[in-house]
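Dear colleague,

I am handing over the structure below. My notes on what was found in it follow.

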Amino acid sequence: MARHAWPDVARGITVLLVVAMHILFLHSMPLLPDTLAVRGHLPLTSAMTHLRMPLFFLVSGYLSAAMVQRSWRAGFSGRIAPRYYLYVVWLTITALALRTFAVIDQAPFDTSDYVISQLLEPRGTLWYIWALALFFLVVRATRAIPAWMLAIPAAILFIVGQIAFDQPWRDISAGFLPFLLGARLPKEIRALTDRVPLRIGVPVLGAGIALALIDSSLRWPLPVGLAVAAVAVPGVLMVLPHIAQWRILRPIRHVGRNTLAIFAIHPLLIVLANRIARDQPMLMEVIGAQPVLALLWPLALLVGIVLVALALQRLLRAIGLRHLFEMPRWRALRRAFRLRRATRRARRAQ
């Protein structure tokens with residue numbers, strides 16, 4: 001069966017939105033305050049709050065729907081263990097990179113505390129990998145309960161989390177409901193993607209974006225994020241299947257097939273960009289003084305970071321470090337080891 005393009009486009013869009021958000025808050029705000037690099041990008045970034053990760057988690061749940069119906073052993077080896085493995089691997093890599101920067105700056109940094117303290121409670125940008133493992137575990141454990149009965153407490157968690165929780169638990173609490181719906185209601189998701197015509201999808205998506213812009217501009221004290229996501233995310237699902245095969249979206253599809261590398265590597269690239277920028281204060285002054293440059297700089301940095309992350313992934317895989325991006329298949333490794341050992345013994349016996 002041919003692979004549908006729309007999940008890759010959806011995940012590609014969310015990855016680009018996440019990287020753009022981190023560039024805004026970790027790079028533009030500290031280094032280019034009071035410029036169009038902030039004022040021009042903040043409204044859209046804020047408006048996408050209730051679309052970015054809900055869309056990502058819904059698609060991730062949808063792609064895990066078949067695995068939810070399989071045995072615990074298959075689910076553990078196919079979803080839970082690989083995701084937590086990748087979380088630990090990239091948490092360790094991030095800690096070592098931050099330790100290197102700290103040594104260069106002669107600043108204190110406890111590598112072991114950074115890693116150990118986040119094994120059970122994520123606090124950094126890798127929280128989404130940890131959450132994917134947790135979400136699958138919960139959805140698989142509650143497989144016998146009707147989806148609507150789980151959706152009610154999940155929706156309450158979504159709302160309460162926006163009021164009571166800090167990051168990343170705010171995003172984790174908002175991510176479980178869409179993951180649950182994607183994993184437990186794949187037929188309904190396919191009905192949106194396969195049967196709804198574009199003439200209906202476009203107005204729904206437009207209404208969702210309008211609600212998101214209104215929500216971000218008015219800053220209502222009420223937790224209306226669930227209502228925004230309930231319109232915007234289905235709107236995306238209605239529209240994307242009609243346009244996912246467009247040639248212009250091919251780069252975004254490629255990004256969507258390589259979400260892990262971009263998610264995991266881009267924070268370190270932003271840290272590196274910040275260090276370079278601080279060493280070149282005149283460059284930041286020039287960019288900030290030119291409105292067009294200030295507006296375009298975050299977009300250029302976004303493209304550059306994504307391209308470098310993809311290039312690094314390709315390089316690391318080429319030199320034999322593919323297990324940074326996928327968990328080793330231990331049985332296959334053992335079989336290969338035994339085969340090589342048997343081959344060597346046979347050669348010695350000849």
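Helix α4 has 15 residues and spans 22 Å from its first C-alpha to its last, close to the 21 Å expected at 1.5 Å a residue. Please keep in mind that this is a predicted model. Of the 15 residues of α4, 13 are buried, so the helix is largely enclosed by the rest of the structure.

The axes of α4 and helix α8 (residues 127-141) come within 12 Å and cross at roughly 40°. That angle makes α4 oblique to α8. On the α4 side, the contact is made by Met53, Phe56, Phe57 and Ser60. On the α8 side, Trp127, Tyr128, Ala131, Leu132 and Phe135 take part. The crossing of these two helices, α4 and α8, is right-handed.

Ser64 sits in the loop between α4 and α5 (65-68). With a relative accessible area of 1%, Ser64 is buried. Leaving aside neighbours within four places in sequence, Ser64 is in contact with Arg79, Arg83, Phe136 and Phe179.

Ile145 is found in the loop between α8 and α9 (147-164). Is Ile145 buried or partly exposed? Its relative accessible area is 34%, and Ile145 is therefore partly exposed, since buried means under 20% and exposed over 50%. Apart from neighbours within four places in sequence, Ile145 is in contact with Leu150 and Arg184.

Helix α12 (residues 198-218) has 21 residues and reaches 30 Å from its first C-alpha to its last, close to the 30 Å expected at 1.5 Å a residue. Which residues of α12 are buried? They are Gly201, Leu205, Gly208, Ala212, Asp215 and Ser216. Viewed down the axis of α12, these buried residues fall within an arc of 95°, so they line one face of the helix. Arg199 and Ser217, on the other side of α12, are exposed. The buried residues of α12 pack against α3 (42-47), α4 (49-63) and α13 (225-243).

For α12 and α13, the axes come within 7 Å and cross at roughly 145°. The crossing in which α12 passes α13 is left-handed. From α12, the contact is made by Leu198, Gly201, Val202, Val204, Leu205, Ala207, Gly208, Leu211, Ala212 and Asp215. From α13, the residues in contact are Val228, Val231, Ala232, Gly235, Val236, Met238, Val239 and His242.

Ser28 belongs to helix α1 (residues 6-31). Ser28 is buried, with a relative accessible area of 1%. Not counting residues up to four places away in sequence, Ser28 touches Ile23, Pro33, Ala37, Val38 and Pro298.

Leu32 lies in the loop between α1 and α2 (36-39). At 2% relative accessibility, Leu32 counts as buried. Which residues does Leu32 touch, not counting residues up to four places away in sequence? They are His27, Ala37, Val38, Met284, Ile287, Gly288 and Trp297. The C-alpha atoms of Leu32 and Ala131 are separated by 32 Å, and these two residues are 99 residues apart along the chain. Ala131 is one of the α8 residues in the contact with α4.

Regards

Key. Residues are numbered from 1 along each chain as its sequence is written. This is a predicted model: local features need pLDDT of at least 70, side-chain atom pairs count only at pLDDT 80 or more; totals for chains, interfaces and linings use all residues. Side-chain values use heavy atoms; hydrogens and water are left out. Helices (H or I, at least four residues) and strands (E, at least two) are DSSP runs, numbered from the N terminus. The expected span of a helix is 1.5 Å times one less than its number of residues. Buried means under 20% relative accessible area, exposed over 50%, partly exposed in between (1.4 Å probe, protein chains only). The arc is that of the directions from the helix axis to the C-beta atoms. Contact means heavy atoms within 4.5 Å. Axes are lines fitted to C-alpha atoms, for helices over the stretch in contact, and angles run from 0 to 180 degrees between N-to-C directions. Angles under 35 degrees count as roughly parallel, over 145 as roughly antiparallel, 65 to 115 as roughly perpendicular and the rest as oblique. A crossing is left-handed if the near helix is turned anticlockwise from the far one by less than a right angle, and right-handed if clockwise.
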